[in-house]
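Me: Please pick one part of this structure and look at it closely. Then carry on from there to other parts, in short steps.

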Amino acid sequence: MADRTPQQVLSDMASGYLNPQAYDVEELKGFLEEAHNADVRTAFQSALAETLSGNGIGRGDWEELTDDEFEDDAEWRDYLTALQAFLFEDGPYPIPDEDDEN
Amino acid sequence: MAKKSKSELAVEAKEVASIIAAARKARHNFALFHGKDDLIFKAHKSKNKSACRKMAKDEGAGAKGAVGALEVEEKFVNLIVEDPDSTPANFAKTFRAYLSARGLKMKVRLLSEDGDVIDDGAEGDEEAADAPPELGDDIEQVLEKIAKHFEAMKTSLLRCLNSAPADYRERVVKAVELYKKAMKAKSPDTALKALAALRKLVAATPSPVIITDRLSSAGDDPEALGKLDGLVNTCAAQVTSDPAFMDRAFPEMRDMRKALKTAMNKKPPPSNIAELKAMKEALDTMFYDHVDKPPRAHGPECHGPGLTTQQQEDRILKKKNPRTGKKFKGKPVHKASNFLDEAAFVESQMVLRTQALDHIDDNGIKPPPKGAKPVRLPPMKAKLVDVLGPNWQTSVQGVKRKKQKGQKDTCVDATWGPDSNCKAIYDLLDDGTLRLVTLYPNPIA
């Protein structure tokens with residue numbers, strides 16, 4: 001992955017781990033925490049921060065990458081914020097309990 | 001020799017690039033001869049050496065040249081020649097120039113059928129940086145260079161360890177141990193010798209099972225293929241005793257299934273077609289039952305045949321796993337779809353697993369270190385119409401979530417437009433094998 005840009009790394013990770021059909025954010029976290037994946041972690045973290053600041057990919061591209069759907073931009077951004085906290089700041093699991101009772 | 005025009009070279013470049021790409025996945029037979037103006041190069045996966053020689057002769061090949069097996073491993077094109085004594089001098093270098101003129105920067109090695117390098121192509125200065133390290137440099141630098149060369153052959157080494165018969169694997173493991181011992185003892189000369197021996201062994205990895213040769217001779221002839229039913233039974237028994245066999249023999253089993261389908265389309269007599277159909281169904285069951293099965297993947301579990309619409313609706317609205325009935329963790333799904341028959345699932349599996357293997361080869365993806373998390377590949381996908389044919393809609397079903405403000409979500413039938421595809425996500429494991437994470441038909445309106 002050495003020649004991948006941060007946005008490409010974000011795409012790779014999102015399409016592989018964050019598709020609801022294969023959702024495994026814990027596996028992603030474990031992968032990013034392995035020492036030999038430090039470059040991938042840095043790239044993913046920076047691309048995610050860029051996306052949250054409005055300079056990365058938009059909601060439509062994210063939905064296409066992940067086969068996921070969001071009500072609106074606000075819901076999507078809330079989710080990305082929770083994802084960022086879970087992956088990089090020891091935050092809670094990014095899917096709230098109430099979603100489990102949909 | 002008369003120089004070829006740019007357009008002639010462009011046509012040949014396309015053909016040669018396609019052969020090299022295919023030979024990365026499976027050993028080919030080849031014929032390479034001097035012609036009137038240039039080399040004449042022919043190779044084929046299933047045609048034997050004589051047939052390749054005939055193809056070359058038909059295009060004007062002269063007497064000087066070679067036939068044998070062609071393998072491609074990273075930057076190396078290995079020509080395993082049948083008769084080293086009659087192979088023209090400097091043939092590796094000549095072929096390297098031939099490839100280079102067609103835009104392929106490769107290194108060419110001629111090997112004997114015993115795996116001895118008989119001509120390494122006398123690499124030029126531009127490749128000196130990649131050349132094997134030489135003694136006399138600083139010992140630590142030499143060891144570092146040797147380690148890089150070992151690292152570069154890791155994918156093919158793992159593939160060899162996964163596919164070779166047990167006694168051959170033992171020889172490879174011994175060579176690896178010898179290499180590691182020499183590196184630990186900081187003995188570059190011994191390490192280099194061990195590395196060379198290892199490279200020879202990897203290049204000459206024998207086929208995991210005796211499928212290829214028998215399949216090659218049968219081609220897609222219905223009658224000849226019908227006689228291979230014993231081979232399918234042997235494979236079934238092998239899978240039962242050694243589930244990893246299916247992973248190792250996947251390309252060959254896939255090719256056998258394809259040959260059976262082609263043979264059935266030739267409309268052979270009814271008794272023969274029944275025989276071929278039974279063989280294909282046996283293969284489908286093997287693929288469905290032994291590759292990508294839960295707990296390794298939730299492909300068959302959530303997207304295989306036998307699921308009801310109610311189960312799919314519960315998956316969307318109640319996050320219920322259709323097979324276990326238990327609630328699953330993770331993100332709620334908005335679409336739930338499945339294949340209606342095993343053959344459609346397997347058909348998609350063949351295409352997407354092949355794509356994943358190609359993706360690994362084309363991008364030089366290496367397996368993770370031993371014991372580390374797998375490398376997840378980006379999703380593989382293909383249009384359902386291309387995989388299942390014009391009647392693809394009869395093989396899939398699905399529902400999708402419908403949101404209405406102020407009301408509970410409900411489900412409606414999914415819309416299957418012409419761009420609907422099948423999608424699969426795979427992990428590359430530390431032993432070099434693939435594990436399916438999911439495979440599903442994906443409705444696109």
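Reply: Helix α3 (residues 38-52) of chain A packs against helix α5 (residues 73-88) of chain A at an angle of about 155°, with the axes 10 Å apart. Axes here are lines fitted to C-alpha atoms, for helices over the stretch in contact, and angles run from 0 to 180 degrees between N-to-C directions. The two helices α3(A) and α5(A) are therefore roughly antiparallel. (Under 35 degrees counts as roughly parallel, over 145 as roughly antiparallel, 65 to 115 as roughly perpendicular, the rest as oblique.) The crossing of α3(A) and α5(A) is left-handed: the near helix is turned anticlockwise from the far one by less than a right angle, whereas clockwise would be right-handed. On the α3(A) side, A:Q45, A:L48, A:T51 and A:L52 make the contact. They meet A:R77, A:L80, A:T81, A:Q84 and A:F88 of α5(A). Contact means C-beta atoms, placed from the backbone, within 7 Å.

This is a predicted model: local features need pLDDT of at least 70, side-chain atom pairs count only at pLDDT 80 or more, and totals for chains, interfaces and linings use all residues. Residues are numbered from 1 along each chain as its sequence is written, while chains are lettered from A and ligands numbered from 1 in the order in which they are written.

Now the rest of chain A. Chain A has 6 helices and 0 strands. Helices (H or I, at least four residues) and strands (E, at least two) are DSSP runs, numbered from the N terminus. Buried residues make up 30% of the 102 residues in chain A. A residue is buried if 20 or more other C-beta atoms lie within 10 Å of its own, exposed if 12 or fewer, and partly exposed in between; C-beta atoms are placed from the backbone. Take the contacts in chain A between residues at least 6 apart in sequence: 60% of them join residues at least 24 apart.

Helix α4 (residues 139-152) of chain B and helix α7 (residues 188-203) of chain B have axes that come within 10 Å and cross at roughly 15°. So α4(B) and α7(B) are roughly parallel. Their crossing is left-handed. In α4(B), B:I139, B:V142, B:L143, B:I146, B:H149 and B:F150 take part. Their partners in α7(B) are B:P188, B:A191, B:L192 and B:L195.

Next, strands. Strand β5 (residues 107-111) of chain B has 4 of its 5 residues buried. Strand β4 (residues 76-81) of chain B pairs with β5(B) in the parallel sense, over 5 bridges. Two strands pair if DSSP finds at least two bridges between them. B:V77 faces B:V108 of β5(B). From β4(B) the chain goes through helix α3 (residues 91-101) of chain B to β5(B), a right-handed β-α-β crossover. (Right-handed: with the strands pointing away from the viewer, the path from the first strand over the helix to the second runs clockwise.) β5(B) is also joined by 2 antiparallel bridges to strand β6 (residues 117-119) of chain B. There, B:L110 has B:D119 as its bridge partner.

An open sheet of 3 strands in chain B has the order β7-β10-β11, with antiparallel pairing. β7 (335-339) and β11 (410-413) of chain B are at the edges with a single partner strand each, so one side of each has no neighbour in the sheet. From one strand to the next, the twist averages 20°. β7(B) and strand β10 (residues 396-402) of chain B share 5 bridges. B:K335 is opposite B:K400 in β10(B). Helix α15 (residues 309-318) of chain B lies across β7, β10 and β11 of chain B, at about 35° to β10(B).

With 8 of its 8 residues buried, β12(B) is largely enclosed by the rest of the structure. One side holds B:N421, B:K423, B:I425 and B:D427; the other holds B:C422, B:A424, B:Y426 and B:L428. Strand β9 (residues 380-383) of chain B joins β12(B) by 4 antiparallel bridges. B:K383 has B:N421 in β12(B) as its bridge partner. Strand β13 (residues 434-442) of chain B joins β12(B) by 8 antiparallel bridges. B:Y426 stands opposite B:L436 in β13(B). β12(B) and β13(B) form a hairpin with 5 residues between them. In the turn, B:G432 has a positive phi of about 85°.

Methods: Two residues are in contact if their C-beta atoms, placed from the backbone, lie within 7 Å.
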